Amino acid sequence: VFQTVRRVSGLRAEVLTLLVAEIVGVQYYSTLAQGFADHPELVELFGRIHTDEIRHVNFHADTLPARLEEWPAPIWWAARLIWNVLLYGSSAVVAWDHRKILNCCGVSGRRFFRDCARNIGRYEPRFFRR
């Protein structure tokens, strides 16, 4: 799905699509780093990936909104709606598909989804500021 959306639309939509994976990844790798606290090498690995995801999201939050504001209002609103659907949908898919590893980390799929939703609530206004 991600690759199809990325190829069909322009660069702005491609970056927004990539951001879906990165924003869900922020929570995912944070959860893994905390869940494997007894394994320092895994904590370091997942922590590094988590930090990279945050850097990517912050970079795009600094550069993308001005480009999104160039879209006509109906396109901007449609993109915002679709992006949120993709974010929440992807969070639900990861929560379900990765529930075994999340449970090993002491986090239920439901809690993971709620944590993702909280992150989406923090990140979404950084990209769609109109």
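**Helix packing and cores**

Reply: Start with His 60, which is buried, at a relative accessible area of 19%. Buried means under 20% relative accessible area, exposed over 50% and partly exposed in between, with a 1.4 Å probe and protein chains only. This is a predicted model: local features need pLDDT of at least 70, side-chain atom pairs count only at pLDDT 80 or more, and totals for chains, interfaces and linings use all residues. Residues are numbered from 1 along each chain as its sequence is written, and side-chain values use heavy atoms, with hydrogens and water left out.

Me: Where is His 60 found?

Reply: In helix α3. Helices are DSSP runs (H or I, at least four residues), numbered from the N terminus.

Me: And what is His 60 in contact with, leaving aside neighbours within four places in sequence?

Reply: Val 15, Leu 19, Glu 22, Pro 65 and Phe 127. Contact means heavy atoms within 4.5 Å.

Me: What about Leu 19, with the neighbours within four places in sequence left aside?

Reply: Leu 19 is in contact with Val 57, His 60, Leu 64, Trp 83 and Phe 127.

Me: Next, the largest nonpolar core. Which residues touch the most other members?

Reply: Leu 16, Leu 19, Ile 23, Leu 68, Trp 83, Phe 127 and Phe 128, out of 19 residues in that core. A nonpolar core is a set of buried Ala, Val, Leu, Ile, Met, Phe, Trp, Tyr and Cys residues joined through side-chain atoms within 4.5 Å.

Me: Which helices each supply at least two residues of this core?

Reply: α2 (11–35), α3 (40–68), α4 and α6. α2 gives the most, with six residues. Another core, of 13 residues, lies apart from this one; Ala 33, Val 94, Ala 95 and Phe 112 are among its members.

Me: Switching to pairs. How do α4 and α6 pack?

Reply: Helix α4 (residues 73–97) and helix α6 (residues 109–127) pack at about 155 degrees, with axes 9 Å apart. Axes are lines fitted to C-alpha atoms, for helices over the stretch in contact, and angles run from 0 to 180 degrees between N-to-C directions. α4 and α6 are therefore roughly antiparallel. Angles under 35 degrees count as roughly parallel, over 145 as roughly antiparallel, 65 to 115 as roughly perpendicular and the rest as oblique.

Me: What classes of residue make up the contact of α4 with α6?

Reply: There are 12 nonpolar, three polar and two charged residues. Ala, Val, Leu, Ile, Met, Phe, Trp, Tyr, Cys and Pro count as nonpolar, Asp, Glu, Lys and Arg as charged, and the others, Gly among them, as polar.

Me: What about α3 and α6, at what angle do they pack?

Reply: About 40 degrees, with axes 8 Å apart. On the α6 side are Tyr 123, Arg 126 and Phe 127. They meet α3 residues including Ile 54, Val 57, His 60 and Leu 68. The contact of α3 with α6 has eight nonpolar, two polar and two charged residues.

Me: Last pair. How do α2 and α6 pack?

Reply: At about 135 degrees, with axes 10 Å apart. α2 and α6 are therefore oblique to each other. Their contact includes Leu 19, Ile 23 and Tyr 28 of α2, and Phe 112, Ile 120 and Phe 127 of α6. By class, that contact has 10 nonpolar, three polar and one charged residues.
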